[in-house]
Number of protein chains: 2
Amino acid sequence: MPDKQLRGRIAVAGVGNTAFGKLYGNDPYDLGARALKEALADAGLSRDDIDGLLVSRIPDYQRFGEMMGLNPRFAGITPGQGRMSGASIELAAMAIHCGMAKTVALVYGNNGRTAGDRYGGEGDRYGSGGAGPWFPYGMTSPGAVHAIMFQRHAHLYGTRSEQLAHIAVAFRRHAGLNPSAVMRDPITVADHQASRYICEPLHLLDYCLINDGGVAIVLTSAERARDLRKPPVYIRGFAQATRLSESYVPPDDFWRAPLEAVAGDVYAMAGAGRDDMDALMIYDNFSPTVLFSLEGFGFCPVGEGGRFVEGGRLELGGRLPTNTSGGHLSESYMQGWALNVEAVRQIRGECGARQVTDAGLVQYICAAPLVTSIIYGKEPS
Amino acid sequence: MPDKQLRGRIAVAGVGNTAFGKLYGNDPYDLGARALKEALADAGLSRDDIDGLLVSRIPDYQRFGEMMGLNPRFAGITPGQGRMSGASIELAAMAIHCGMAKTVALVYGNNGRTAGDRYGGEGDRYGSGGAGPWFPYGMTSPGAVHAIMFQRHAHLYGTRSEQLAHIAVAFRRHAGLNPSAVMRDPITVADHQASRYICEPLHLLDYCLINDGGVAIVLTSAERARDLRKPPVYIRGFAQATRLSESYVPPDDFWRAPLEAVAGDVYAMAGAGRDDMDALMIYDNFSPTVLFSLEGFGFCPVGEGGRFVEGGRLELGGRLPTNTSGGHLSESYMQGWALNVEAVRQIRGECGARQVTDAGLVQYICAAPLVTSIIYGKEPS
């Protein structure tokens, strides 16, 4: 696990995002640039303060740097996969801790909606999925992989599609309180059940949105963050683990091994436990992932995720407010980036009608072949 | 610059490579896997000891992990650009220092020769170059960029093509002492001058080779490395800096700003100066880069690189043995990876007929829009 000495040593100084939706005529560079401008203004920093740059889904860090007039000391790119948002933030934290850079701009731009990007299959330029060798058997998209995983969960534990509906309903309710969210009209469990199958047993409303947008996060040392415009949001803990050895075959344990490994590490590093979390941001490419994440991180016993999410537990006012922005299902599919921004804004108390009272610790979780988690805190330890 | 506390804290435990050349029927995964097997054997480690994985030019870390049965804690991929070899090794060192992994496998595989990969232009899948907006004016490949840069150097300082020839001759002489090198027949300055122009003023013998091959490096903490099969080769210093703001236009100062920044940082971190280096490994995609690197790192005054490389100074037995493997010009174009392996083998004294006597400090340098340098040492400080 990351050295516990890193606890609270790195902080988020600024966050920014564009509008989300169909943004015709914008490429990922445009979207990333506009988000970065917002994040710099949020932090009270200028372009010249940036000495680290990590881009994701923006095709070329070099071209982005040229366009923005940046000459960072530390520069790089991560693949345009959702699991890479958390991994990128972790890389930036490592770079700052090691002295490679003082202030790292993390920049994401995605024009997949208007550009017609595909997820899975031959048109997939980002390696986002489909189950390689199983492709000829119909596993042609990430959704198909998650459908068969949920099918297995249902078989083993009796989980029902109606239980997934509670996730979609909760997140949509949150989106209704978020002016930036793309899908804001309330839905019911019945609406979820009546929505058409995309890949049975998953309905349309189990799927994330596909939108255009840009997101940026400015990370720096805790010391430096304390001198900037907004109060620092500290990175209390972070961790990652993989299950690559069976990554192209849906794992029968729903990535439990890496989820449990990351849970152990991230809580130990943060010096806080799952019961201390005031809100969760769970990577919800498809609604079943929320169940796998909750079970893998020990919020409920294995197999009981379906029952756990009933009764409004994930809603604002419930015990474990989750994806208060609306998440990927209802705000926008910014591949984890906007969920990390929402975590920061919750800690700062900037979330208006969807604010969690006294949010002191907010946890980001992404369940995938590479599992990541980051715990954000109002206090450094 | 990286925290000086990192000096000597990370070490190379194992290195490996495949044969180089035309290796029909191998994809980058095959080549990387075979190199990794060699590196693990070299370190006396098994697959299960690997808890970090960074691949480069291998298209997908996930598929490589599945193929090799790896479940690392830390995993990722860097673009298949030459500057990313040094940057990847630096990332792995950071990950180990931060506790994200104990033992990181860095794996590179390139079947570009038999697969007909292009560098620059529409068939370029790796972003390796050509000068974006200048493409219609003939800047269709990295070689064209370097040709115009050398033209400018010649104009400013009177540098001559015959001086580049001394670089090619020196590296070819070294390749003749390296059984793994692809081009081993001696050449003369006259041969260089008689070789055809590829992009005037650069001749065929100013260009790197294009070969298939795989390279792997296993990195771990210095403490752990001391218990392994081979003596540790310590990372004494590393640094990076960029000049992205003008990256697609050949810079008039030959990347001097980031080269000087990296020089300052890497020597300070290593606690050693340029005069302490027993050998250099300079990224030689095209021979002029060697001049730019030597000048930018202060081995000779600005503009005097041409005179500096005359008279055998870069040859074994000269003051500054450089690219003792033959480098990219004559061993194989493994995009910096094999140069780092050669640095390790020189420190270990494993280089046979091309061994530098008592090689205690060997420096890797890559001049590009993202400049990197790594200093390897027999002792940790």
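Student: How many salt bridges does a search of the whole structure find over all chains?

Tutor: The search finds 24. This is a predicted model, where local features need pLDDT of at least 70, side-chain atom pairs count only at pLDDT 80 or more, and totals for chains, interfaces and linings use all residues. Side-chain values use heavy atoms, with hydrogens and water left out.

Student: Why is the contact of A:Arg160 with A:Glu310 called a salt bridge?

Tutor: A salt bridge needs a side-chain nitrogen of Lys or Arg within 4 Å of a carboxyl oxygen of Asp or Glu. The closest N and O atoms of A:Arg160 and A:Glu310 are 3.4 Å apart, so the pair meets the definition.

Student: What makes this pair tie together parts that are apart in sequence?

Tutor: A:Arg160 lies in the loop between helix H5 and helix H6 of chain A, and A:Glu310 in the loop between helix H11 and helix H12, so the pair joins parts 150 residues apart in sequence. Helices here are DSSP runs (H or I, at least four residues), numbered from the N terminus.

Student: Why does A:Arg348 count as buried?

Tutor: Buried means under 20% relative accessible area, exposed over 50%, partly exposed in between (1.4 Å probe, protein chains only). A:Arg348 has 15%, so it is buried.

Student: Which residues are linked in a network with A:Arg348 and A:Glu350?

Tutor: A:Asp42 and A:Lys230 are linked with them in a network of salt bridges.

Notes
Residues numbered from 1 in each chain as written. Chains lettered and ligands numbered in written order. Helix = DSSP H or I, 4+ residues; strand = E, 2+ residues; numbered from the N terminus.
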